[in-house]
Amino acid sequence: MLDTAITIVIAALAAIFISLPFFRRAGNESAGNPGSSLRPNPRMEQLKELNARKESLLSAIKDIEFDYGLGKLSREDYEDLNSRYKVEAADVLKKMDEIAEGSSEAPVEDELEKEIKEARMRGYSVYEDDEEIEKEILMAREASWARESEERRCPECGSAYDADDLFCSKCGHKLDGDTNKQHAESV
Amino acid sequence: MAETGQISIFLAFIVSIYVAFAAVYGARTYKRDFVRSAENGALAIFFLLLIAVLSLIYSLVNLDFSLKYVALNTSTDLPFIYRITSLWAGQAGSLLLWSFILSIYFALVVLQTRNKARGLMPYVIATLAVISVFFTFLVAFVENPFYKLPVAPQEGRGLNPILQNAYMAIHPVTLYLGYVGVSVPFAFGMGAMLSGKLGDEWIKYSRKWTLFAWTFLSVGLILGARWAYLELGWGGYWAWDPVENAAFMPWLAGTAFVHSVMIQEKKGMLKKWNMSLIIITFFLAIFGTFITRSGVISSVHSFAQSDIGPLFLGFIAFILLFSFGMFLYRIKDLESENRFDSILSRESAFIFNNLLFLGAAFAVFLGTIFPIMSEAVTGHKILVGSPYFNKVNVPIALVLIFLMGVGPLISWRKASKENLMKNFMVPVIVGIATAVVLIAIGIRDVYALASYALCAFVAMTVFTEFFRGVRVRSRRGENPLLAFGRLVSRNKRRYGGYIVHIGVVLIVIGITSSSVFVTEQQTTLSEGESVEMRDYRFTYEGIETYNTPAKDATVATLAAYKGGKPIGFMKPEKNVYKYEGNREINQETEVALRSTFKDDLYLILMNRGPNGSATFRIIINPMVSWIWAGGVVLLIGAIVTMWPGGRREREDVFVRYTVGEKDSTVKV
């Protein structure tokens with residue numbers, strides 16, 4: 001008898017618990033929350049995808065830095081891969097900003113920065129190294145924007161160069177290109 | 001209590017079916033409340049099965065012999081702790097445990113990921129629910145642990161004495177956590193294919209679960225080996241027994257998967273390969289459960305008698321057809337984003353690693369099912385013994401160890417010649433020097449030499465990795481200890497992985513030493529007689545018997561000496577269990593073991609002869625302890641790898657902020 005009672009109670013509890021979301025819906029909608037649909041938001045999907053891409057590029061760059069620091073990559077290979085990935089990452093960040101700006105919201109990166117700081121205050125650990133890389137990518141991105149408006153010119157021969165070039169690709173003049181050099185020293 | 005448990009299992013089965021449909025319907029029609037309801041259903045399954053498990057434990061502890069399962073697996077003289085562990089001593093209980101562990105994973109996955117991978121999750125939930133449907137069906141209708149006997153017997157048959165061992169109490173649970181855990185990455189893979197979100201998301205969210213399951217499979221295998229070594233009393237720890245192979249195969253495929261997902265994460269390559277690997281790993285996990293539980297390997301005839309055999313086969317066929325069907329359907333979207341830059345790269349080392357692991361898994365698979373096949377076809381069972389498995393797997397293992405050293409040292413994408421030379425010089429020299437020294441001290445076994453040299457090579461590469469990392473950091477002004485700590489904590493996956501590799505090296509050294517250099521002797525001694533082996537001497541001092549309520553025990557006492565100095569007494573036992581269980585095994589040998597990192601002394605009392613004489617088997621087994629120590633190191637490394645880190649939190653922050661403002665405010 002007791003068993004039957006317990007069984008009925010268990011079954012009833014399970015049924016109530018499982019059907020709860022259907023009753024909750026009405027309340028949420030009246031509170032003005034349109035979020036009970038799962039219909040994909042294309043902007044959100046795109047941003048997510050770009051974000052994932054960015055993360056994987058970041059970790060690839062981190063790996064390259066690491067391998068170079070440990071002497072597993074030659075300098076040329078390191079520079080080649082590093083700049084390739086950074087340009088790609090800069091593109092991704094640009095696209096992300098475009099999406100964010102397109103919806104008239106604050107630029108993603110500023111907000112992200114703020115959130116990271118807040119997260120840190122709350123005691124989350126955030127990789128230093130990642131932040132360093134992120135900074136560099138931001139620099140690379142700014143550089144790529146700069147390049148679009150006014151291209152950098154080699155003081156020796158006047159040919160265009162990229163922000164992260166160490167030497168002029170035309171004449172070989174040493175450039176005070178910033179990111180790579182600094183990094184090579186710090187590693 | 002039993003009725004409650006019975007009904008709970010039945011309800012869990014019904015809810016599982018509902019969850020599968022609700023999740024898919026919700027995802028298809030974009031109705032979140034259905035998905036939410038499915039999520040709650042997943043939690044409900046957990047609570048229902050928890051009730052079932054608790055009520056079965058209650059019946060076991062209180063020895064309710066009216067239940068067939070309790071009567072078959074316990075007896076009044078069974079200690080309390082083994083009454084609880086007999087939950088997984090028999091078929092029905094094991095399957096209940098399987099379902100219950102699945103429901104734990106299921107609930108945790110739902111709680112952890114439901115607000116993150118929204119497009120993916122409904123299908124992940126549906127996949128896990130389908131697996132749950134199958135197992136709760138088995139427990140509810142085919143192998144019900146709450147089956148009542150028409151007449152309750154006075155006494156139960158008792159727990160098989162070889163299962164009354166601390167390792168046996170935890171080993172099955174560990175292994176099940178591994179087997180069942182493989183369901184989670186499989187569900188994420190299926191979720192990716194069903195939802196069409198074939199990016200890295202499924203790998204990212206399932207990664208920790210994959211590592212978790214892999215770790216438990218590894219630890220389960222090692223605990224099983226240790227149990228066999230201590231309890232079965234034949235002097236070894238691994239015999240290529242079908243049940244051992246059953247756990248080893250998903251481990252092999254899972255190890256390949258753990259490595260190859262890294263390439264997808266970093267390079268967007270190998271998507272098809274990873275998807276196939278997780279399907280294969282899950283298949284092998286289910287197949288492993290099937291082999292272990294159906295008794296099919298001992299004979300095809302037992303397969304015919306067992307009800308669950310055909311059901312399992314049907315389920316396995318369904319999994320393979322459905323998942324590879326989905327795979328073909330999505331094959332265009334699984335194209336790689338990148339290409340190989342060079343043959344000399346870590347990527348290609350990983351590919352070789354994968355092929356070898358799969359090759360090994362396939363070889364073990366063939367050897368395991370060959371007896372069934374031969375019996376089915378010819379009517380005669382052709383046994384496949386250790387020589388086959390060793391012949392195939394030892395060379396594969398040696399190449400894998402070599403790759404384990406190579407992988408970390410060559411770069412992603414592209415390795416240049418000078419760098420290879422520079423990086424490999426020292427480890428290669430260390431490896432060769434090891435071989436030379438070993439030849440000089442008289443070791444001639446080729447496999448042993450290769451194995452030791454390769455282990456030295458790998459150990460050196462890992463050491464170099466740590467050393468260089470610390471050096472780079474300490475050049476920035478950190479003291480070496482801090483540099484080491486930060487190096488590991490900032491790159492947990494990388495360095496945790498290296499620690500796991502060190503564990504594997506220790507295990508390989510232990511296996512090599514104990515299988516190549518074992519010394520063994522069987523001898524009959526009269527009281528006072530001695531036998532010498534290596535630099536040990538054993539003097540037989542006498543034999544006596546004692547009785548406990550459970551058993552009649554015969555104990556022999558031998559004094560052991562090393563180089564003339566006494567090192568203690570060793571007391572191997574032979575026990576006869578009293579209760580009238582019609583267990584196949586009611587005799588049990590209790591091995592006397594003296595274990596050091598140099599060697600194990602392993603004494604078995606074979607027979608008691610006339611006039612107080614006795615026959616012993618004495619085994620000197622070098623460096624077996626290295627295997628267990630390696631297991632501990634492996635576990636530590638795995639924990640480091642899985643330790644929560646900063647990146648995930650940052651990503652969550654990002655996603656929440658940019659894309660989730662409106663949607664994530666809806667909380668149920």
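User: Where in chain B does B:M623 lie?

Analyst: This is a predicted model. Within it, B:M623 is found in the loop that runs between β10 and α20 of chain B.

User: What is the phi of B:M623?

Analyst: The general idea comes before the case. Most residues other than glycine have a negative phi. B:M623 is not a glycine, yet its phi is positive, at about 55°.

User: Is B:M623 buried or exposed?

Analyst: The count of surrounding C-beta atoms decides this, and 20 or more within 10 Å make a residue buried. B:M623 has 20 other C-beta atoms within 10 Å and is therefore buried.

User: Where does B:N611 lie, and is B:N611 buried or exposed?

Analyst: B:N611 belongs to the loop between β9 (599–608) and β10 (614–622) of chain B.

User: Which residues does B:I499 touch, not counting residues up to four places away in sequence?

Analyst: Contacts with residues beyond four places in sequence show which other parts of the chain a residue meets. B:I499 touches B:V633, B:I636, B:G637 and B:V640. With B:V640, the separation is 141 residues in sequence and 8.5 Å in space, C-alpha to C-alpha. B:I499 is part of helix α19 (residues 492–516) of chain B, and it is buried because 22 other C-beta atoms lie within 10 Å.

User: Which residues is B:F282 in contact with, leaving aside its neighbours within four places in sequence?

Analyst: They are B:V182, B:S183, B:F186 and B:I319. B:F282 has its place in helix α11 (residues 271–294) of chain B. Its 29 C-beta neighbours inside 10 Å are why it counts as buried.

User: At what angle do the axes of α9 and α20 of chain B cross?

Analyst: The angle is taken between the N-to-C directions of the two helices, and a value over 145 degrees counts as roughly antiparallel. The axes of α9 (residues 201–232) and α20 (residues 625–642) of chain B cross at roughly 170° and come within 10 Å. That angle makes α9(B) roughly antiparallel to α20(B).

User: Which residues of α9(B) meet which residues of α20(B)?

Analyst: Those in α9(B) include B:L211, B:F212, B:V219 and B:I222, and those they meet in α20(B) include B:W628, B:L634, B:L635 and B:M642. By class, this contact holds nine nonpolar, four polar and two charged residues.

User: How many helices and strands does chain B have, and what is its radius of gyration?

Analyst: Chain B has 21 helices and 10 strands. A radius of gyration can be set beside the value for a compact globule of the given residue count. With 668 residues, such a globule would have a radius near 26 Å, and the 27 Å of chain B agrees with this. Along the principal axes, the C-alpha atoms of chain B fill a box of roughly 85 × 75 × 55 Å.

User: Which domains is chain B divided into?

Analyst: Chain B is divided into domain 1 (1–159), domain 2 (165–332 + 346–407), domain 3 (416–516 + 629–668) and domain 4 (519–578 + 602–620). The centres of domain 2 and domain 4 of chain B, taken over C-alpha atoms, are separated by 40 Å.

User: What share of each chain is buried?

Analyst: In chain B, 51% of the 668 residues count as buried. In chain A, buried residues make up 29% of 187. As for its elements, chain A has six helices and two strands, which run α-α-α-α-α-β-β-α from the N terminus on.

Methods
Residues numbered from 1 in each chain as written. Chains lettered and ligands numbered in written order. Predicted model: local features only at pLDDT ≥ 70, side-chain atom pairs only at ≥ 80, totals over all residues. Axes fitted to C-alpha atoms, helices over the stretch in contact; angles between N-to-C directions. Helix = DSSP H or I, 4+ residues; strand = E, 2+ residues; numbered from the N terminus. Parallel < 35°, antiparallel > 145°, perpendicular 65-115°, else oblique. Contact = placed C-beta atoms within 7 Å. Nonpolar A, V, L, I, M, F, W, Y, C, P; charged D, E, K, R; others polar. Domains from an automatic or database assignment. Buried ≥ 20, exposed ≤ 12 C-beta atoms within 10 Å, placed from the backbone. Rg over C-alpha atoms; globule rule 2.2 N^0.38 Å.
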